[in-house]
Amino acid sequence: MMFETLSHLALQQYWWIIISLLGSLLIFLMFVQGGQTLFYTLGKNEEERDLLVNSLGRKWEFTFTTLVTFGGAFFASFPLFYATSFGGAYWVWIIILFAFVLQAVSYEFRTKAGNLLGQRVYESFLLLNGVLGTILLGIAVGTFFTGSEFSLTAMNQVEWQGPARGLEAALNVQNLALGISIFFLARLLALLYFINNIDNDQVQNRARRQLIVNAIPFLAFFLFFLIRLLFLKGFDYNRSTGQVTLEAYKYLHNLIQMPVVLILLLIGVLGVLWGLASGIFTKSVKGIWWAGAGTVLTVMALFLTAGFNHTAFYPSTFDLQSSLTIENASSSHFTLTVMSYVSLMVPFVVAYIWYTWRMMNRTKISTEELNNEEHAY
Amino acid sequence: MMQHIDWAVVDWSRWQFALTALYHWLFVPLTLGLSWIIAFMESNYVRTGDPEWKKLTQFWMKLFGINFAIGVATGIILEFEFGTNWSSYSWFVGDIFGAPLAIEGIMAFFLESTFVAIMFFGWNRVSKKFHLVSTWLVAIGSNLSALWILVANGWMQMPSGTVFNPETARSEMINFWDVLFSPVAVNKFLHTISSGFVLAALFVIGVSAWFLLKKREQRLALRSITIAAVFGLLASLSVVFTGDGSAKQIAKVQPMKLAAMEGLYKGTEGANLKAIAILNSKSKRENGDECIFQLELPKMLSWLAFGKFNEFVPGINDLTNGNPKQRILPISEKIRRGKEARQLLTDFKNAQDAGDTEQVEQIKARFREQNFKDHYFRYFGYGFYDEVDYYIPNVPVTFYSFHIMVTLGFYFILFFALFLFFSIRGVMPKRRFWLRLALFTLPLAYLAQETGWITAEVGRQPWTIQDLLPTVASVSKIDAGSVQLTFWLFAATFTALAIAEVGIMLKAIKKGSETKGGGTK
């Protein structure tokens, strides 16, 4: 296939699929953030907590790198979103980023002599990253459906309404429900990951018990979000004029009109449930793969619902016509073509990540190993 | 047409970017260089099977890990800051600028982060050879990430491979290879990574010198010094070579920066290079009395800039007031032309709103005219602000940064040559004066790094994109208080983390290469 022969719209759709894929991988990989909120729930002594920290310490960079790549890819393919959302919803993004800055040093510095702030402070940084990172990112993604109050000038500069600079999105129940769902989902994925990766019976047993405790609020908030979404008014745009209008049951219509997306969503949700059930009711350690794949499919379906079928993916409730769509927010045909060739590297990247992950996770992590490990956190 | 400018936002946004970039750059050069040194050491281990090499590799790898973490922490903010604080910029150039950032993530960061995990934790989980390959891939990945971000930076200093599209009101890419292989980008990349190698070599020599002074870890230290001295000498020569290339590019595309670097006000043929100088006050400088004291190399500036001893080098006065003989336009004329280009864009938007298709087509055609591009749109950025002084960078800061950087660069060559000589002669441990000097040279390596960035970035002010977009038109529409708050938030956090990093590093160095064998902590 030669990308330059594709229409601008086809490239825009292709890139929205890539953004959706990166976003969904990011949410899956946020099991690291979820795990960071569980150190003291699952680890009852230093030895157990060391196991938990080191188990995640070998994976956190994947999440981090995915976030950075997600940002970069969004910038390259839909620069108007990058400029509008980051420059507009300033405080939401700054707080998310700040939480990730703190995370990046915390594993390496946690138990090192001379670390200035002490072990507990670095652990609290990880907790902060786990709580704020998941909830705020969920809230930010929630605005893809609920909209924000901004307008664009003739030169496409964003003017944000209201002083909270994006934090006001937390007051919307729909956004909040998604934020809290992602928080609990990340914890569930972390529990399944620990079950898969840690060689310690006590930790395993506690993790399985915690699955039930966290599954209940996750399901409550997620189903609330999903069902309410079907009843929401959505932001439709006219392909030829670009005119944005409100449409009742827009997202329900999107799912019906795009059956593939609906199927993705259903399989995804089932995958997550299957993974949880296998962790709760059986001794299987494979729950993470079911729930992980399920998460990826579910989140992808949500992104596709937000941006496909002539839907504005970053709507403005203040000025409907300032809403961003994959057509008006994208890069030029040329840039998308170049980037599409670059995207051919993605399967290769995924392959080597997969290969090295398998190699590193062949044996579980144990206290004995940590005792002999030169590089432990 | 002139919009209200909130200078507090512009200034605080600039301070924030400077702060975060300078902090990031404290840690990155060591990653860039040390990764190659470690890879070389581990190759020796795999080749010879000598456990001493493994010990060596693991010791430096431990220090690498401490430094790597904080490099990552200070890096993420830079990427997103383009959006949060420079959103008008992000829209204007997103079509070009986003691509290298995305490629950096896909191509380099994943390589780096995937294999760094194997490098740190894989000693007992993967084969020796695969571990070695991973270490090399970390070095390649980290240096590739430098490539892409510097391609992006190079494009800001010399926009190429793009065209302005009035319909979207932004620059759009038309040739990817022009962006990637722009001579500014290529020089900048090579110059920057070479300087990173120099810093890493000085780091290795500095730490090893401390061991020798303490009479500890002698074998480790001696081997490390030899490797670092060779690596450092080659790299420092490359720094000079690529620095020369950069200067020639600057002379071509950013003459104002070059004039500021040299504190040159009155342009002349056969211009002298100020080797050591103290600048006069601004008013005296403008009247041609540039320095209180100066030691000059005759005609060397002309040679540095153009490779010819008698070439004309324009000074700040020429570039400000114009010089008809050299066909240099005054800034006031550039402002006039820039405004005309901007007015045309406004007319275009108005015609679009009015549905006047004929007018729209006419203006579009005008934007495509070569004459308009070369003589009007080229000065688009000057149309945003009327004050001539705004288009002149801070001369003393640029001048002194440049001179500190260059002086140190030449000093490092001598330093490496001397250490290599002592190493070959096998007399290193006895040269205690020079070992002590190595300790004092390490901070100078960091100083050279930072002054290099200050030269490059302060020297190009006020441009975020040379001649097309000034800082006043690049910032987000946000209240100054928010930016001020995030500035202090990052200042406090990065300072605390940097202190922690140095503390951990010093403890780890003091501990030396001893391995665990028992306790967890």
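Two residues are in contact when their C-beta atoms, placed from the backbone, lie within 7 Å. Keep that in mind as we click around this predicted model, where local features need pLDDT of at least 70, side-chain atom pairs count only at pLDDT 80 or more, and totals for chains, interfaces and linings use all residues. Residues are numbered from 1 along each chain as its sequence is written, while chains are lettered from A and ligands numbered from 1 in the order in which they are written.

**Stop 1: chain A**

Select chain A. Among its contacts between residues at least 6 apart in sequence, 76% join residues at least 24 apart. Switch to cartoon view and you can look for 16 helices and four strands. (These are DSSP runs numbered from the N terminus: H or I for helices, at least four residues, and E for strands, at least two.) The radius of gyration, taken over C-alpha atoms, is compared here with a globule rule of 2.2 Å times the number of residues to the power 0.38. Chain A comes out at 21 Å, close to the 21 Å the rule gives for 377 residues, so chain A is as compact as a globular protein of that length. Its C-alpha trace spans about 65 × 45 × 45 Å along the principal axes.

**Stop 2**

Which one gives the most?

**Stop 3: two domains in B**

Select domain 1 (13–259 + 389–511) and then domain 2 (268–281 + 290–313) of chain B; the bounds come from an automatic or database domain assignment. The centres of these two domains of chain B, taken over C-alpha atoms, are 29 Å apart. Their contact takes seven residues from domain 1 of chain B and five from domain 2 of chain B.

**Stop 4: helix α8 of B**

Finally, zoom in on residues 255–262 of chain B. Is α8(B) mostly covered or uncovered? Mostly covered: eight of its eight residues are buried. (Buried means 20 or more other C-beta atoms within 10 Å of a residue's own; exposed means 12 or fewer, and partly exposed is in between, with C-beta atoms placed from the backbone.) Lys257(B) and Glu262(B) are among those buried residues. Show the neighbours they pack against: α7, β4 (273–279), α10 (300–306), α11 (316–321), α15 and α16 (432–458) of chain B. Step past the helix and you land on Gly263(B), whose phi is positive, near 60 degrees.
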